[in-house]
Amino acid sequence: MNAILLILNLAGMNLNASVLPNGLSVFTAGDHTAPVVTICVAVKTGATCETPETNGLAHFYEHMFFKGNAALPDQTAYNQRIRALGIVRNATTSREVVRYYITLESALFEQGMEFMRDAMLTPLFDQEEMERERMVITDEYLRNASSPWWNLWKAVENTVYPEPWRGNTIGELSVIQSASPEVMRMFQEKYYTADNAALFILGDIDEAEALEAAREIFGEWSAGGRSDYDMLESAISVEKDTTVAVSGPEGVGYIYMILEGPSILSDRRGTYAGDVWGSYLNLSSRRFQRNLVTEGPFSEVYGGFHTQRFSPMVTFGGMVSPDRIGEGLALLEAEIHAMGFPEYYDAEGIAMAAELLRRERLLSRESSRDLAIQTLPFWWVQGNGMEYFLSYEDSVTAMELSDITDFVDAYITRRPRALFLVTPEGGEK
Amino acid sequence: MIAAMILCAVTLLPENVAAFHLQNGIQVITRTIPGEVEGLSVFIIGGTRVQSPENQGIEALALEAAMAGGGSFPGERWRQVMDRTRAELTGSYNYDFSRLHLRCLSEDLPLLAGGLAECLSLPELSEESVERVRRQAVSQLNLERVDPDRRVWLTSNIGFMPEGHPYLLRPDGTIETASRITSADMAVFLERRIRSGNILITHAGPTGPDVLRGILENTFGVLPEGGQEVPGVPPHGAPRDTLVVEEMDATTTYVVVKFTAPPPGHQDQPAFQAAMMVVDELLWQVLRTDHALTYAAGAGATTTYAENWGYMYVTTSSPLHACSLMAQVLRSVAEGDVDPELLQGVVRTQVTMEGIRAQTMNAQCSLLGAGVIATGHWSTLFDAAERFGTLTPGDLSAALRKWADTAAWGIVTGNAGELDMQKPFPLGIHPINEEGLVVLSGGIEVLFPGSRSETVVLTDESTGHPYALVGDRAKRLIEEGVTGATVLGRLTREGWSVRQELPRIHVTEVRREP
């Protein structure tokens, strides 16, 4: 039986961490609020791993998870098994991670684990099922294209991603239309291996028994060693000031600004400072919100650091009526200029901003399901393990005013930015 | 006074639920759940039923503006408090009630509950906060206007709800009303609405009932007494199948179809809800798995509105084919083609869903409060899985046959000119003519003749479905000794039949007597 290697204290909750011999990271935690358990597998892949020829395949692969496998020959059998176990399930593909998760009664835990293993390890990629799924994904693509924000998303991809496909999760229709079982298998061999994934089991379980079940059921997953994920280069680059006019809905104006942010792997201190800085900006009692929203033209505004492994961003964004977009931009620029000076901040506010990040973590513990499918997989990917996340609280609390101004100086004041102005007139204005 | 603990006789009902009233009469339902996070919901009962076409959205605007500060928590101080605690205060607004929900850490509950009560009872309604809320509302309404996925639900309402129905009013208002309503209007409205008789409070979290009572008595317990009579809701449901098509900038087609569903507390409600969950499963199987017509297909039933509806939803590039299959799926369930495995799956899934909801205080507060408002009982929304477990496939079919009558289709598409669907698909459960009348033809049987239970039943020869005939004309069929007929009438919830599960037809005409 595997020993639990480490018991990590997650804001008072015991999170047991282990790595199986095949390299699979396993995290378990008990939550006996309700007789259900959530099982999530996170795989380090996504649009950021794609090329122009494979753009959209990480997402296509995610769809094929819900199809036939060695134990369940087709999607109909798969659907029946889901009903038999009362499974509530979903999956998401983002730029930097793909997550698959189910919740079911804890009494059916082992069956749920076997269900996940079969889908993860033995997908059939049946040609007929792929043909049908091609049409399904096309409808998903068309739904996305109907969103009022579609033009903005496309503009961002094409402006801040030198390789735009790395920012485009849904992918290109031409790639979706031509995807074959062979390329699915290539994806599987490269990324769907135990050493490139993590398993999260949280809920009404005994942690040690859950780990033993993980070892027995997922122990056969091959280690792989073929993923290039950890060697990928940064996906974004903003080398010069750029302004893009984007066509948007009637009556709606939106200002969005992106700058390159610090990487967890190369400037960890910068990321902590970035989070405290963002938390400060979103205090409704401080000047950023007061000048722009409470007494200004924005209906809402935010500024913050968006932690991403390959596309860390400092972003500002806010909704403003189209006829006041010039005024809004001028006020935002004035705030950005002012936040480079120490006088912009007060000590109480900085302490409050750090404390808010701690409280945010306490609040995130409310639902073990949310922890299993969102918080923990996100940080496992971003931090290349859990160490970053677990030392987070002490690190943000240690941030001082000089850390904040250093951050602003390094990543905002003297850095080029990509500015997107969404108005009904778009490029015509 | 010690709160009276309600002990749960049914195993699936949550434990540690208590109910009490504050000194001004506000009812409080609380569920004690260990942890660090508290949820506190304030329900203001009335929704669009106490609004008009001219002021629709006023409650949402006024409550959002009120939450910016008031009493001894004026804007600047209240913002400090909210910042320091990292509490979340959110509003949701619907046809029957508004709900303000506070999510915070346990240590902050007394302070935040006090602040929230003062914001509501002594709202500052500063010019800045009113204008900010107005800007937010108008922005969201502008976005909704161009978002086909949100728009299509409103499009289907046009055919589904009769003119003047309170559910046709928008809880979030319209761009026109949101632009026009003044802070003075809001103040007058809040003065009338923030009264103990209009308010219900629910709580979930670690704070026990006695401590909670102490916190709330000093805050919400001093809100003014009184309340407002909330008008009833007329039934909705189109007299005939309808199709409303809206063209907008969209690259695929969005479809919603609505039909009537049992009101809260009605004996048919569990069966109808379970039937719609089966329909949901089948839509996934038929439209997505078998025919690959859609990425998004779903079905369900509302359960807590004063008047409910069932619905099916799909996005597709082939609306004609998709809608035809949607109608077929519904019909197949109504006609009794329900695999027991599907029903078992629905029960199991519901158990899982209830477990997931038990993990968040917000969901617990919502379920407790919506249950009380819908039926008077907090437990109403907690025992669905248990109720489903007693149902047979036949119960599901009978509930659909009884309630799902005419179909109100709403379609939003990028090119209405090329839409391949020109008229509404009948759900086909009840045969309906051009005038919207149900037309039934078949043998007539009188159950318990001459007794107080006397009921006329016609079994329609085209579908094999039995109907109870009510009204004076139905009685005359008995007097005339008719054993077979073609009758016309309207579906009704009036009248009575000894077979409660049958849909009732108020007979208006007997056209042919074979």
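Predicted model: local features only at pLDDT ≥ 70, side-chain atom pairs only at ≥ 80, totals over all residues.
Helix H3 of chain A, which covers residues 109-121, and helix H8 of chain A, which covers residues 207-218, have axes that come within 10 Å and cross at roughly 35°. The crossing of H3(A) with H8(A) is right-handed. On the H3(A) side, the contact is made by Phe109(A), Glu110(A), Met113(A), Glu114(A), Met116(A), Arg117(A) and Leu121(A). On the H8(A) side, the partners are Ala210(A), Ala213(A), Ala214(A), Ile217(A) and Phe218(A). Sorted by class, the contact between H3(A) and H8(A) has 9 nonpolar and 3 charged residues, with no polar ones. Helix H8 of chain A also holds Glu209(A), a residue that counts as exposed at 58% relative accessibility. Between Glu209(A) and Ser234(A) there are 25 residues in sequence, yet their C-alpha atoms are 39 Å apart in space.

Aromatic rings come next. Over all chains, the count comes to 43 aromatic pairs. One of these pairs is formed by Tyr280(A) and Tyr345(A), whose ring centres are 5.1 Å apart and whose planes stand at 65°. Planes over 60 degrees apart count as edge-to-face, so the pair of Tyr280(A) and Tyr345(A) is edge-to-face. Tyr280(A) belongs to helix H9 of chain A (residues 268-281), while Tyr345(A) sits in the loop between helix H11 (325-338) and helix H12 (347-364) of chain A, so the pair ties together parts that are 65 residues apart in sequence. Both Tyr280(A) and Tyr345(A) are buried.

A second aromatic pair joins Trp379(A) and Tyr392(A), with 5.6 Å from centre to centre and 45° between the planes, and this pair is tilted. Trp379(A) lies in helix H13 of chain A (residues 368-382) and Tyr392(A) in helix H15 of chain A (residues 392-397), so this pair ties together parts that are 13 residues apart in sequence. Trp379(A) and Tyr392(A) are both buried. Ring pairs can also link up into a group: Tyr61(A), Phe65(A), Phe66(A), Tyr78(A), Tyr100(A), Phe115(A), Phe125(A) and Tyr192(A) are joined by them into a cluster.

Rings have charged neighbours too. Lys44(A) lies over the face of Trp380(A), at 5.5 Å from the ring centre. In another case the two residues belong to chains A and B: Arg89(A) lies over the face of Trp284(B), at 5.2 Å from the ring centre.

Leaving aside residues up to four places away in sequence, Asn55(A) touches Glu50(A), Trp165(A), Asn168(A), Gly171(A), Glu172(A) and Val175(A). Asn55(A) and Arg166(A) are 111 residues apart in sequence, but 7.8 Å apart in space from C-alpha to C-alpha.

For Asn16(B), phi is about 60°, and for Leu125(B) phi is near 50°. Asn16(B) is found in the loop between strand S1 (4-6) and strand S2 (17-21) of chain B, where it is partly exposed, with a relative accessible area of 42%. Leu125(B) is found in the loop between helix H3 (109-121) and helix H4 (127-146) of chain B, and it is buried, with a relative accessible area of 10%.

The last stop is the helices of chain B. Helix H1 of chain B (residues 58-66) is mostly covered, with 8 of its 9 residues buried. The buried residues in H1(B) are Ile58(B), Glu59(B), Ala60(B), Leu61(B), Ala62(B), Leu63(B), Ala65(B) and Ala66(B). Further along chain B, helix H13 (residues 384-388) contains Ala385(B), which is buried with a relative accessible area of 4%. The C-alpha atoms of Ala385(B) and His506(B) are separated by 34 Å, and the two residues are 121 residues apart along the chain.

Technical notes
Residues numbered from 1 in each chain as written. Chains lettered and ligands numbered in written order. Heavy atoms only, no water. Axes fitted to C-alpha atoms, helices over the stretch in contact; angles between N-to-C directions. Helix = DSSP H or I, 4+ residues; strand = E, 2+ residues; numbered from the N terminus. Left-handed = near helix turned anticlockwise from the far one by under 90°. Contact = heavy atoms within 4.5 Å. Nonpolar A, V, L, I, M, F, W, Y, C, P; charged D, E, K, R; others polar. Phe/Tyr/Trp six-rings, centres within 6.5 Å; stacked < 30°, edge-to-face > 60°. Buried < 20%, exposed > 50% of the residue type's maximum accessible area, 1.4 Å probe, protein only. Lys NZ or Arg CZ within 6 Å of the ring centre and 35° of its normal.
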